[in-house]
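I opened this model to look up its charged pairs, its nonpolar cores and its surface. My entries follow in the order in which I looked.

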Amino acid sequence: MSNLILLANEFPYGNWEPYLETEIEYYSVFDRVYFCALQLRKEHKKTRREILLKNAKVCAVEKAPNWVYLLYSFAALADKNLYREVRKLVEERRFTWKRFIKLMVFISRAHYEANILLKYFKEEGLIDKKQNQQGLQKAFGGYIYSYRFEYQPYVGILLAKHLQGYRVISRAHRYDLYEEERDVSYIPMREYLLKKLDRVVSISDDGKNYLAVKYPAFKDKLEVSRLGTTDYSVKEVTAPHGKIKVVSCSTLYYVKRVNLIVEALASIKDVDVEWTHYGEGKELEKIKCMCDNMLPPNVTYSFMGFIDNSRLMKEYTEKPYHLFLNVSESEGIPVSIMEALSFGI
């Protein structure tokens, strides 16, 4: 029997990891697929996306109150990897208290979530206590697949100590890969994770090369597997007749720079434009305020908020958009652009 254990932020709950939905059909080759929804907020439990797999099970790991993570800091203090990482930071002259706090949160969260999942997998019968006690080698059981290359792979490594016969792999995207993008230019335990993981799969050549240059000893563990989209068959988009219909799709965070779309549209005075944006985020009210104050009467706009991926594809099918805009500061491999292209936009 070959199983897949997927570690992902909240998925299939809430609105995180929308592009995972296009991967699911490929999981049917496994006997059993366990979706482990990490960091699940209570308010997001009401929203669960449909998983069209007969062999799938979901384990929800709710985000705990801060005092729980504080208790698990004792588990972090008992983890020898904490001291190895601190020594490494000191030797590299990179130690700061902010980085130490990041490291403590990283390890305590991983131990908390691994503990919840271990209890679940014991109930599922995936952990054979007798084999664990006797140290017997178990036949290949499957893969533990971390969708992000942050603390989640460490959860997988902790699980693999008990789920014998499982290989641990991790994807690497953007925010979870480039340390320079973080507020303290640090993502804990990079070298340890690369040492212990069986594979790290970047979504881009740049990501793979980035890791290969920083950690050349592990370059043989690195590979590229790009994200993509289903072929929705390019349709003919009719030419604008008096109105250009523009669409954008992204979270509303500073790195996506949606404010630039507003500024660009504000300069158009002689053409009617209809702008539709899909996605939500912290800058929603700020962007709406910009639209109210800056956009001329010939430019109309609507914010559709978050919608799941299948509904978004239906919107692209039914609405004749002429132009897709993406003005992000940076992207990994922008699936949103691929999706628009697949509809001929």
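**Entry 1: a buried glutamate and its partner**

I looked up Glu179 and found that this residue counts as buried, at 3% relative accessibility; buried here means under 20% relative accessible area, exposed over 50%, and partly exposed in between, with a 1.4 Å probe and protein chains only. I keep in mind that this is a predicted model, in which local features need pLDDT of at least 70 and side-chain atom pairs count only at pLDDT 80 or more, while totals for chains, interfaces and linings use all residues. I also note that residues are numbered from 1 along each chain as its sequence is written, and that side-chain values use heavy atoms, with hydrogens and water left out.

Glu179 forms a salt bridge with Lys214, with the closest N and O atoms 3.0 Å apart; the term stands for a side-chain nitrogen of Lys or Arg within 4 Å of a carboxyl oxygen of Asp or Glu. The pair links distant parts of the chain, since Glu179 lies in the loop between strand S5 (166-172) and helix H7 (190-196) and Lys214 lies in helix H8, 35 residues apart. For helices (H or I, at least four residues) and strands (E, at least two) I use DSSP runs, numbered from the N terminus. Lys214 is partly exposed, with a relative accessible area of 34%. I then traced a network of salt bridges that links Lys88, Glu92, Arg94, Glu179, Glu191 and Lys214.

**Entry 2: two further pairs**

Glu274 forms a salt bridge with Lys243, with the closest N and O atoms 3.8 Å apart; because Glu274 lies in strand S9 (residues 272-278) and Lys243 in strand S8 (residues 243-249), the pair ties together parts that are 31 residues apart in sequence.

**Entry 3: the cores**

Which residues touch the most other members of the largest nonpolar core? Of its 54 residues, I find that these are Ile5, Leu117, Phe121 and Tyr154, where a nonpolar core is a set of buried Ala, Val, Leu, Ile, Met, Phe, Trp, Tyr and Cys residues joined through side-chain atoms within 4.5 Å. Helix H4 (residues 97-124) gives the most to this core, with 11 residues. Leaving aside neighbours within four places in sequence, Phe121 is in contact (heavy atoms within 4.5 Å) with Ile5, Tyr34, Cys36, Leu126, Ile127, Leu159 and Leu163. Apart from this core lies another, of 21 residues, among them Ala8, Tyr13, Ile203 and Val335.

**Entry 4: two loop residues**

Ser328, in the loop between strand S11 (323-325) and helix H12 (335-342), is buried, with a relative accessible area of 13%. Ala217, in the loop between helix H8 (205-214) and strand S7 (222-224), is exposed, with a relative accessible area of 69%.

**Entry 5: confidence**

The mean pLDDT of the chain is 90, and 95% of its residues reach 70 or more; pLDDT is the predictor's confidence in each residue, from 0 to 100. Over residues 132-136 the pLDDT is below 50. Where pLDDT is low, the predicted coordinates should not be read in detail.
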